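Q: Hi! Could you walk me through this fold while I have it open in the viewer?

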Amino acid sequence: MIVNDDRAEFKAHTEAQARALGKDGATFKRATETLTDLDRYDYSYLWTWMGLPIIQMPADIIATQEVIWKTRPDVIIETGVARGGSVIFQAAMLQLLGGDGFVIGVDIDIRAHNREAIESHPFADRVKLIEGGSWDDATLEQVRDLIPEGSRVMAILDSDHSRAHVLAELRAYGPMVTEGCYMVVADTLVGHMTEEDTPQNRSQILFKGNDPLSARDDYMAETDRFLVDETLNGKLVLSSSPGGYLKCVKP
């Protein structure tokens with residue numbers, strides 16, 4: 001029996017469905033309400049990657065995996081290290097890609113027990129940690145010094161989520177991201193929520209207007225180097241970062 005190769009048609013269909021989903025406001029609203037309910041159980045804190053808490057929604061983990069596999073960055077910069085699962089996840093992806101790729105994890109406070117967990121992990125040799133304010137001059141100089149010339153660079157901004165801080169990070173790290181790679185603005189979901197629905201069990205409680213999505217919009221008004229990936233973001237309805245995946249389209 002001859003079976004037709006339908007891979008191109010399947011890809012076109014799923015991409016069209018993702019874009020259609022992204023325009024379905026009613027479904028997005030219901031998904032957001034579900035996430036509000038799940039937050040009572042610290043849903044994003046329940047997952048680990050290779051033994052370390054990753055503190056991410058499953059949909060965001062899969063979306064970031066897709067981006068890394070498709071774009072094959074040499075260096076991934078992440079602001080916000082927390083308990084280490086996210087930098088180890090990215091290091092694992094770079095290990096699968098082969099080569100000498102590594103992750104630069106930046107955090108203003110890398111606690112001793114979290115540093116020990118990262119540095120004793122089997123993928124520790126693909127992680128470089130920098131402790132300091134993410135957009136301080138000294139920190140940025142260290143980051144730039146670690147990036148080999150000609151590297152493909154991706155950035156994930158997941159530290160302080162206030163509007164001013166995220167905008168400062170976008171301005172600092174956006175120029176480091178290379179054409180064809182992505183910059184991910186985490187926690188944009190806050191910008192879609194009412195004050196009533198905004199998660200309260202956080203060390204930093206933010207509301208719409210003082211959030212990463214607002215910072216993204218500010219930055220996108222300043223630059224033409226990035227586009228919002230409508231296909232990828234379209235399917236992020238059970239995600240903390242809908243609209244946060246930006247593709248660099250210019251040198």
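Q: Which residues of α3 are buried?
A: Asp60, Ile61, Ala63, Thr64, Val67, Ile68 and Thr71 are the buried ones in α3. Buried here means under 20% relative accessible area, exposed means over 50% and partly exposed is in between, with a 1.4 Å probe and protein chains only. They cover an arc of only 165° around the axis, which puts them on the same side of α3. That arc is taken from the directions from the helix axis to the C-beta atoms.

Q: Before I go on, what kind of model is this?
A: It's a predicted model, where local features need pLDDT of at least 70 and side-chain atom pairs count only at pLDDT 80 or more, while totals for chains, interfaces and linings use all residues. Residues are numbered from 1 along each chain as its sequence is written, and side-chain values use heavy atoms, with hydrogens and water left out.

Q: Where does Ile55 sit, and what is its phi near?
A: Ile55 is in the loop between β2 (52–53) and α3, with a phi near 50°, a positive value in a residue other than glycine. Most residues other than glycine have a negative phi. Ile55 counts as partly exposed because its relative accessibility is 23%.

Q: New topic, the sheet. What's the strand order?
A: It's an open sheet of seven strands in the order β5-β4-β3-β6-β7-β9-β8, with mixed pairing. Two strands pair if DSSP finds at least two bridges between them. β5 (127–131) and β8 (226–228) stand at the edges with a single partner strand each, so one side of each is left without a neighbour in the sheet.

Q: Is β6 largely enclosed or left open, and why?
A: Largely enclosed by the rest of the structure, because five of the five residues of β6 are buried. Val153, Ala155 and Leu157 cover one side and Met154 and Ile156 the other.

Q: Which way do its pairings run, parallel or antiparallel?
A: β3 and β6 run parallel, joined by five bridges, and Ile77 stands opposite Ala155 in β6. β6 and β7 also pair in the parallel sense, over three bridges, with Ala155 opposite Met183 in β7.

Q: And what about β7 with β9?
A: Those two run antiparallel, with three bridges joining β7 (residues 182–185) to β9 (residues 245–248). Val184 stands opposite Tyr245 in β9.

Q: What about the largest nonpolar core?
A: It has 29 residues, and those with the most contacts inside it are Ile76, Ile118, Val127, Met154 and Tyr245. Such a core is a set of buried Ala, Val, Leu, Ile, Met, Phe, Trp, Tyr and Cys residues joined through side-chain atoms within 4.5 Å.

Q: What is Met154 in contact with?
A: Leaving aside its neighbours within four places in sequence, the contacts of Met154 (heavy atoms within 4.5 Å) include Thr64, Val67 and Ile68, along with Ile76, Ile77 and Val184.

Definitions and conventions
Helices (H or I, at least four residues) and strands (E, at least two) are DSSP runs, numbered from the N terminus.
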